[in-house]
Amino acid sequence: MHDLRQIPKKRLLLLAILTASAGGCSANRAQIAQLAPSPISADSDTTSAVQMVGNEVPNDDLDTTIRPASYDDATVFAAMDLTLLNEADGSDNEDDVICEAGNQNEPPPNDAENALPLPTSGQPVEYFVGIALAGHPRIQAARHRVAAATNVIPQAKALPDPMLNNTFWPIHDQALQTAGGRVAHQMSLSQGVPWPEKRRAKAAIASREVQIAQAEVDRIEREITESVRIAYYELWYASRAIQIVDETKGLVQDLTRVAEARYRSGGAQQDVLRAESESDRLEDQRIQLTQQKQMAQADLAALLQQPVSMVPEAADDLGISDAPMQLDQLIASAEACSPELQGLAWEIQRDRERQRLACLQKYPDLQVGVNLSILSDDDDVLSGVANGHDNLSFTVGTTLPIWRDKINAGIREAAHRTNSTANRMEAERDSLYGRLRRLLAQADSLIEQRQLYEERIIPRTEKTLQLSVADYRGKRTDFYSLIETYRELLMLETQLARFDATLATTIARIDRTVGCPD
């Protein structure tokens, strides 16, 4: 093995440069090893977080699992799942673990197998909404998209990779000869330097993409909340209708006893048979309602990622007594809370940043570099004055943005995209207000119908049924009229329960349209 003292200093310099060019991976491993393993949940306290204001983009390196990407109205926090890094802690192959993880096709864990059993007693709708928002895969996927978009920011603001070139001549008699000696190696290191404002514009565009992704998270959360509420209200209606049928069975039994008593006193036997048939009809209706309840439980369980065998139950009270006040509050907050409008607003700002980037294309980009020629003055040189002094030079280059038609076309393209997004926002606003107006009209109608049924129609029908029973006992009316009055009362009570469930569903849809968190 050669002694290092016998190797020329020029060869040692070449060896050091080549070694440094291959050492980037070890530096990356050291940076990844410092990443914190625990992600921050959505409920974490954000008051101590570092915030960016307006279009400012942080210049610090990515040295934490959480990258704040703030904007004018709020702060977005994206958490990275570094479970694989935790498992490989202390090893020298963290970056290999991350890369190999992308090639694994293992199915995701089944949360339903490890889900906690739901309580058997009835729970309010907020309980089920909280469970769905805590671990729904669509929300988790949207949050990962936010985390992915957040990590685009340091890539967008970074300089391009430098270029290292080395030209050498392995055959001595064919090498380049100069007056200073034979050229052994020609090495160059160059770095592209874009116009500074271009990097800032690209980072601002990436930051707007984070805000658009966060608006999508909010939209999905509101959509899942609406789905859970609708399934819950259907479950409540089916449970309430079954309760009404069970309560009505006692009334049918009373009517059957009245028909039997009248039959014993000389009445018609068909009245008894008709009363017994009515009991069978109630049983058939209960079977249908039980099936409807089981379907609603299955829909709600799917949204909660709970085992189907653990069926959820609804509470007795829907809690919609203050519905008009809620509607007024939702109308006042519609413009500020809609995730669709917020997402389109961020898209407009992103397109404006793209338009600014298109205008910046008329400014040149720089290219700087350094060149080193390693010369040799051994016996193979041809020059008699060869001294072996290495040549060092610097280069500075620039792009020439002379194709103005291309640049102007890019500016016009960005302007049209900005106008298109603005028009989409106006159309979405009109559609949102139209849906709100239609839903509010439906809610007002349901409230009036509910009051009419509860305060006037049902009490009068109950009184009519009592008089019909008395008239039937006194042989002043027939059994057919009595049954018709009873059926009308059953239908009205069931319809009142449907009004309550439909009103709650309408309020849930208004909440979804407005988009304000609860």
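In which handedness of crossing does α8 pass α13? The crossing is left-handed, a term used if the near helix is turned anticlockwise from the far one by less than a right angle, and right-handed if clockwise.

The model is predicted: local features need pLDDT of at least 70 and side-chain atom pairs count only at pLDDT 80 or more, while totals for chains, interfaces and linings use all residues. Residues are numbered from 1 along each chain as its sequence is written, and side-chain values use heavy atoms, with hydrogens and water left out. Helices (H or I, at least four residues) are DSSP runs numbered from the N terminus.

The axes of α8 (residues 196–264) and α13 (residues 404–473) come within 10 Å and cross at roughly 20 degrees; axes are lines fitted to C-alpha atoms over the stretch in contact, with angles from 0 to 180 degrees between N-to-C directions. The two helices are therefore roughly parallel to each other (angles under 35 degrees). In contact (heavy atoms within 4.5 Å) are Leu251, Leu255, Val258, Ala259 and Arg262 of α8 with Leu465, Val469, Tyr472 and Arg473 of α13.

Helix α6 (residues 137–150) has 14 residues and should span 20 Å at 1.5 Å a residue, which agrees with the 20 Å between its end C-alpha atoms; the expected span is 1.5 Å times one less than the number of residues. Ile139, Ala142, Val146, Ala147, Ala149 and Thr150 of α6 are buried (under 20% relative accessible area, 1.4 Å probe, protein chains only). These residues cover an arc of only 165 degrees around the axis, which puts them on the same side of α6; the arc is that of the directions from the helix axis to the C-beta atoms.

Val152 lies in helix α7 (residues 152–157) and is partly exposed, with a relative accessible area of 38% (between the 20% limit for buried and the 50% limit for exposed). Val152 and Ala203 are 51 residues apart in sequence and 8.2 Å apart in space, C-alpha to C-alpha.

Definitions and conventions
Angles under 35 degrees count as roughly parallel, over 145 as roughly antiparallel, 65 to 115 as roughly perpendicular and the rest as oblique.
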